[in-house]
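Hi,

Here's the structure I promised to pass along. Have a look, and my notes follow below.

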Amino acid sequence: VSLGVFLLAPLICRWLFDDLSVSGRAESIRLLRILSIQVLLTSGISWSQAVYHARHRFILPALAGVMGVAVSLAMVLWRGHEDIAVFAWAINVGSSVSLAIHLVPMLRHFRRPHADAGSLLRMAAGLWPLMTGAALIRVDPIVDRVLADDLEGSGAIAAVHYSQRIMGALLALGTSSLSLIVFPQLSQHWAQGGTAGLARHFAVALRRLILLVTPIAIGFSVFAEQIVRDLLQRGEFTADDARLVAWLVVALMGMFVGASIGGLLARGFYVLGDTRTPTWVGLVTMLLGVGLKFLLFPWLGLWAIPLGSSFYFLLSTVVMGILLGRRIGYSAYRGCWEALFWATLSSLAACGCSLLVYATKLGGTLVAGPVGAVVYFACLWKCGAEDARQLLRELKSKFFSGA
């Protein structure tokens, strides 16, 4: 695939960016060819991360990601003023460093590969729906760009890009990692206890996910303008830009909730060996969401983009939740409403304390965020939320016992 992207770069850029000038298209082709190796590098990183996660080892993959980004950033700061291609090469170098950190400890375990035809066919049967879905889901950002491009002079493309990047960061930092961590545990409980064991542990994982999703969704929605202003408002990024991006992120919050819970639901299907159901659900709901964006765009303009995305992520989550409940039993959702109730109350209390920080100008988001997090978990502890207490005990044991 990397080689195909490299060779077909002129055709791809001509198809996607037919409105570019000759020089602009040539530059796009050059950058795409430089970045074509990312397919190979990120595939290797994803594979090696899966190996570590399956063995409940999470520190090295996290460290590798941080080191890769740090190397890329250092290279950009060093040579980024010379040529935009430096940014592309920096991404490649950073990914190479990350992959090397993953692979070096594995080298002594490599053996000559061997697999029987039956194993390869079973792997391919599970893999092709994921690859197809991953490829087709990339259509959605292209649709967003096409729609935003119709709003000339408004900075719509940049605003949508910023809001989507912020949403991606929220997902990566907050909830996607939890879904990765619980996946091998869900597989273990399925192997040991069958459907009952899987449903029981899935309920625990989902309640803990709710405890993480709820304060992020409520807190960011309440203080979106302040957070975006503190993160981005400088230079030509004005207060009006910060306000627009902030409300776009709020409109995308359905995507955050849906993608977070939907990611865990999808892994429930993966444990059962079913990769087709979440893929088809995701594709059908995405097509509905894309249709909704085009339908609402004449009336809502830019806001049709985040609202359409939120719609199909939430719809996908609801449909997958129903289908998974039928497969393993609705006991997999035991205690979720109670967890949501206490998480909401605690989030509102945390928002009240964060509001005092913002009002008194004691440090902005860098202070308000930690203060809100401490108040949130303190309220959960005081309310007797056992899942929160157990989660805090596990964190304490890992960080203070040397585990």
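Which helix gives the most to the lining of the largest cavity? That's α9, with three residues (helices being DSSP runs of H or I, at least four residues, numbered from the N terminus). Before the rest, some housekeeping: this is a predicted model, where local features need pLDDT of at least 70, side-chain atom pairs count only at pLDDT 80 or more, and totals for chains, interfaces and linings use all residues. Residues are numbered from 1 along each chain as its sequence is written, and side-chain values use heavy atoms, with hydrogens and water left out.

On the cavity: about 40 Å³ of space lies in it. On a 1 Å grid over the protein atoms alone, a cavity is a set of points where a 1.4 Å probe fits but cannot get out, while a pocket is an open set with protein on both sides within 12 Å along at least five of seven lines; lining residues have an atom within 4 Å of a point. The cavity's lining is Val160, Ser163, Gln164, Leu248, Leu252, Ile305 and Pro306.

Then there's the second largest pocket, with a volume of about 450 Å³. Its lining has 17 residues, and Leu206, Ile210, Ile261, Cys336 and Trp337 lie nearest the centre. Here too α9 (156-222) supplies the largest share, five residues.

Last one: Trp299 lies in helix α13 and is exposed, with a relative accessible area of 68% (exposed means over 50%, with a 1.4 Å probe and protein chains only).

Cheers

Notes:
Helices (H or I, at least four residues) and strands (E, at least two) are DSSP runs, numbered from the N terminus. Buried means under 20% relative accessible area, exposed over 50%, partly exposed in between (1.4 Å probe, protein chains only). Grid points are joined across faces, edges and corners, and a volume is the space filled by probe spheres set on the points.
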